[in-house]
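Dear colleague,

Please find the sequence and the structure below. My notes on the findings follow them.

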Amino acid sequence: MIDCKVDADGIATVTWDMPGRTMNVLNQDSLSAYGATVERVLKDPAVKGVILTSGKADFIAGADLEMLLAADVSDAAQTMEEFSRLQKMFRAMETGGKPFVAAINGTALGGGFEICLACHYRIAAANPKAKVGQPEVKIGLLPGGGGTQRIPRLIGVMNAAPVLLEGKDLPVETAKGMGLIHEIVPAGELLARAKAWLMAPAGEKVVPTFAAKGSPAIDARAVQPWDRPGFKVPGFPGGLVWSPAGVQTFIGGNAMIAGKTWGVYPAPKAIMSCVYEGLQLPFDSALRVETRYFVSLLRDPVAKSMIRTLFFGLQDANKLTRRPKGVAKQEYKRIGIVGAGLMGAGIATVSVQAGLEVVLVDRDQAAADKGKAHIAAELDKLVWRGRMAKDKRDATLARVTATPDYAAFAGCDLVIEAVFENREVKAEVTKRTEAALAPGAIFASNTSTLPITGLAEASARPANFIGLHFFSPVEKMPLVEIIVGRKTSPETLARSLDFVQKIRKTPIVVNDSRGFFTSRVCGAYIGEGHRLLKEGVPAAMIENCARMAGMPVGPLALNDEVAIDLSWKIMDQTRRDAEAAGQKYEGSGTEDMLELMVKKLERFGRKNGKGFYDYPADGKKRLWPDLARHFPVDRDLALDEGLAKREKELEVRKRLLYVQAVDTARCLEANVLTDPQDGDVGSILGLGFAPQTGGAISLIDQVGVAQFVAECDSLAQKYGTQFAVPKLLRDMAAKGQSFYGARASKAAA
Ligand code: NAD
């Protein structure tokens, strides 16, 4: 696991190479083996210096998240002691009097980079794929191996902030430019250069600040900057965090975080506190401060939920764990898209970027060319940003054929339909496309609401018919919701999953129903926004409460984006379909509001510059001032600034999240979703559902199923059936079950 060889010159090369894994990770086994090695090399008088490296293609990927997820953190003091051990081990490297060099051969992230920071010198191999950084914040944590203390002491608080708070992976060149890495050398020279640094004649000597009084000076190479006499944190006058410049930095930083996160995430706040408090303390005390904040985050359900969904859930989805077995992998070369509008052109862009040939068909040449022009514009943006060479752009665009001729679909393994959301138009397009396709090819619809089984009635081969629901803007949105119709074959599902993987999107698989999963839950969210507005809650309060609940946009702003007339059309179609089927239309109670906005006021949303917001040509959008005239505000609520308003705010936040969570649970009960994880991954990636909850199903677990049911019952009584809990939840509550209880123990196994 940890190999240690000492050469004739007294240089120990410590190599991480965990058996049975493609990546090294920090877990109990590797850390105790590494700890014993550190102790040995420090004690061994023959060892003069240490090179730390890896036997894998990458250095160390970070902490073993499965271990973190399964860790029993119920006893705070004990957890604190456990995680302090890591800090002590890293500190032993720094204070043992022997120089350590990190020879970073590949990616080193999280704890894997913190171990490098605990080395006295860092050399990276020139490897364009290698990344370093501290991504912990993205899963609700902070760097708990000294990162919040060493990085600002190395490069100053201003430069450390994006590394710690944004969690971006940095190419090694960037890290060197920032001062986090000392040197970059050709990969083949990495170990030799590390040894040469250790073997160079000793220069300056210093008495480290951690040494006992009267201790002799030692080679400065074995002493970290912060352990040298007179060390000052860079960036502030006198290195003082409480200098006016320092205080200003932290005030600005905290304001920026609050602005970006609306106070939803505990991790960025904890990171700021760690840095602010830690930089005022001696280094060892600062590390204890960091451990304390780390443990507090680890004990908070936010981190566990985020790790479960945004790491493991995402990983499972991307590995296609839902792919039916026994179907050969489909290698795609040429695909077709019919409908070169907003969605079709977007799907074409990501497909051609993934190396595919794309046939783009629309009603006439001009419409098809418009779609191709969109692709060209997207590729031009990449060239402009330096992310694509001009000749690659030309070659990529040359793979697109824009035409009104369906015959061009010959030779396509898959055609995606993205024409108007109209059953008759889609049926005609299906027939014309299939006439040009090889018998085994897949036909996929990008419909956002129409049930796939019904659309497949127009198909001569419904087993090859499937839903591939993309999100707008396709270039940015990572999710594809795959909808399996009643007659869709497992083979078609498997091959469609291969396509989604090929274009580097994340799939979830759902069963057929109106609105599937994401559109339906999105509708529930927007619908609750409408109800709140009708009840007299001020529009600004609705929108702000949504942000404070962790949603990326308020329900009214979202409705403007997806178009209010579309909401009206969906409502109208649902009503007509129910009537045609002889069923009673269960209204939402906000039909009159949609009717007013669309039919009387012609406020369709952003697309015509008039919706719940106004969109002045020369400025930022703002809530339509006349909203209150049409939907009078509850005066008490508008004027009150006290406790009642605060309580109302909390209730609005809760309603906006719970209405989505309860509908997601209904999707599980109705077998639209077959796995809670799809609900979680799909809600965060597709709807931006409050990521701090781990997703719409994880939220229910976080609250506790019984508690969630009780709260929904009370909301249903006050506000309506949108909060009516499905039997599934009531049964789970009665049995004391949770969605992920069993999975947490799987991770522990
Ligand atoms: P759009 O109006 O931008 O594009 C539709 C395109 O289809 C137009 O270019 C039109 O000329 C073309 N078209 C219409 N009839 C045709 C025919 N008979 N033959 C060939 N081409 C034809 O619409 P859009 O927003 O791209 O939506 C397309 C589909 O994607 C709809 O089913 C919609 O529900 C779905 N969808 C939209 C979004 C969104 O956010 N806009 C998101 C997910 C799914």
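What distance separates the centres of domain 1 and domain 2, taken over C-alpha atoms? The centres are 46 Å apart. Domain 1 covers residues 2-299 and domain 2 covers residues 334-514, with bounds that come from an automatic or database domain assignment.

Please note that this is a predicted model, in which local features need pLDDT of at least 70 and side-chain atom pairs count only at pLDDT 80 or more, while totals for chains, interfaces and linings use all residues. Residues are numbered from 1 along each chain as its sequence is written, and side-chain values use heavy atoms, with hydrogens and water left out.

Aromatic pairs

A search of the whole structure gives 10 aromatic pairs. Rings of Phe, Tyr and Trp (its six-membered ring) pair if their centres lie within 6.5 Å; planes under 30 degrees apart count as stacked, over 60 as edge-to-face and the rest as tilted. One of these pairs joins tryptophan 16 and tyrosine 34, whose ring centres are 5.3 Å apart and whose planes stand at 45 degrees, so the pair is tilted. Tryptophan 16 belongs to strand E2 (residues 11-16) and tyrosine 34 to helix H1 (residues 28-43), so the pair ties together parts 18 residues apart in sequence. Helices (H or I, at least four residues) and strands (E, at least two) are DSSP runs, numbered from the N terminus. Tryptophan 16 and tyrosine 34 are both buried, where buried means under 20% relative accessible area, exposed over 50% and partly exposed in between (1.4 Å probe, protein chains only).

In the pair of tyrosine 332 and phenylalanine 499, the ring centres are 5.6 Å apart and the planes are at 70 degrees, so the pair is edge-to-face. Tyrosine 332 lies in the loop between helix H12 (301-318) and strand E12 (334-338), and phenylalanine 499 in helix H18 (residues 490-502), so parts 167 residues apart in sequence are tied together. Both tyrosine 332 and phenylalanine 499 are buried.

Isoleucine 700 touches Ala661, Ala665, Val705, Phe708, Leu729 and Phe739, residues up to four places away in sequence not being counted; contact means heavy atoms within 4.5 Å.

Two buried residues

Lysine 426 is found in helix H16 (residues 423-436) and counts as buried at 2% relative accessibility. The side chains of lysine 426 and glutamate 417 are joined by a polar contact of 2.6 Å. A polar contact is a pair of N or O atoms within 3.5 Å; within protein, one must be able to donate a hydrogen and the other to accept it, and residues adjacent in sequence count only if both atoms are side-chain atoms. A polar atom of the lysine 426 side chain also lies 3.2 Å from the backbone oxygen of valine 419.

Isoleucine 123, in strand E6 (residues 121-125), is buried with a relative accessible area of 0%. Leaving out residues up to four places away in sequence, isoleucine 123 touches residues including Val101, Ile104, Val185 and Leu190.

With kind regards
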